Amino acid sequence: MAFFVGVMECEVKAKGRPRFSKWGGAYTPKPTRDFEKLVSDWAKKSMGKKKPTDKAIRVMLNIYIKRPKTNKTKQHTQTPDVDNLAKSILDGINEIVFVDDKQIVELQIGKYWADYVNPSFTLSIYETPDK
């Protein structure tokens with residue numbers, strides 16, 4: 001049985017590369033922080049009073065991106081990279097749905113054109129059975 005299942009309608013933003021200040025510190029770009037906060041707020045609302053799991057988990061993530069008018073390809077092979085899209089979502093739900101992302105033992109990601117749905121992502125998280 002799924003521990004967490006949800007759909008969030010939004011333009012998914014890829015995790016931005018860290019930036020470095022002139023004083024040497026690294027920081028996350030504002031568009032990435034804003035998107036992760038949006039995902040975080042959605043996850044908190046979706047979880048309600050439920051506590052984050054501390055068990056090993058499997059994550060299934062499908063991301064639907066608006067197709068540019070000039071693109072007719074069947075598969076979404078352009079940027080943003082699927083791993084950067086997933087990272088921004090997973091960082092947004094870290095410590096809310098699960099304690100730490102090191103708990104993820106399996107990650108399945110799909111990146112698709114949002115031809116028949118609004119731009120969004122679907123997320124399913126399953127606790128792995130104890131052996």
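**Overall features and salt bridges of the predicted model**

The chain exposes about 8,700 Å², of which carbon and sulfur atoms supply 52%. The structure is a predicted model. Of its 131 residues, 36% count as buried. The C-alpha trace spans about 50 × 45 × 25 Å along its principal axes. Two helices and six strands make up the secondary structure, arranged from the N terminus in the order β-β-β-α-β-α-β-β. Among contacts with a separation of 6 or more, 84% are between residues 24 or more positions apart.

Charged side chains comprise 24 positive and 16 negative groups, and the centres of the two sets lie 5 Å apart. Side chains of opposite charge can pair when their charged atoms come close. Seven salt bridges were found in a search of the whole structure.

One of these joins Lys 15 and Asp 91, with an N to O distance of 2.7 Å. Lys 15 lies in the loop between β1 (2-9) and β2 (19-20), whereas Asp 91 belongs to helix α2 (residues 82-93); the pair therefore ties together parts that are 76 residues apart in sequence. Lys 15 is partly exposed, its relative accessible area being 22%.

Asp 91 also meets Lys 87 in a salt bridge (3.2 Å, N to O). Lys 87 and Asp 91 are four residues apart in helix α2 and so are separated by about one helical turn. Salt bridges with shared partners join Lys 15, Glu 36, Lys 87, Asp 91 and Asp 101 into one network. Lys 87 is partly exposed, at 35% relative accessible area.

In helix α1 (residues 30-47), Lys 37 and Asp 41 are likewise four residues apart, about one turn of the helix. Their closest N and O atoms are 2.9 Å apart, forming a salt bridge. Asp 41 counts as partly exposed, with 35% relative accessibility.

Methods:
Residues are numbered from 1 along each chain as its sequence is written. This is a predicted model: local features need pLDDT of at least 70, side-chain atom pairs count only at pLDDT 80 or more; totals for chains, interfaces and linings use all residues. Side-chain values use heavy atoms; hydrogens and water are left out. Buried means under 20% relative accessible area, exposed over 50%, partly exposed in between (1.4 Å probe, protein chains only). Contact means heavy atoms within 4.5 Å. Accessible areas come from the Shrake-Rupley method with a 1.4 Å probe; for residues, only the protein chains shown count as cover. Lys and Arg count as positive and Asp and Glu as negative; His and the chain ends are not counted. The place of a charge is taken as NZ of Lys, CZ of Arg, CG of Asp or CD of Glu. A salt bridge is a side-chain nitrogen of Lys or Arg within 4 Å of a carboxyl oxygen of Asp or Glu.
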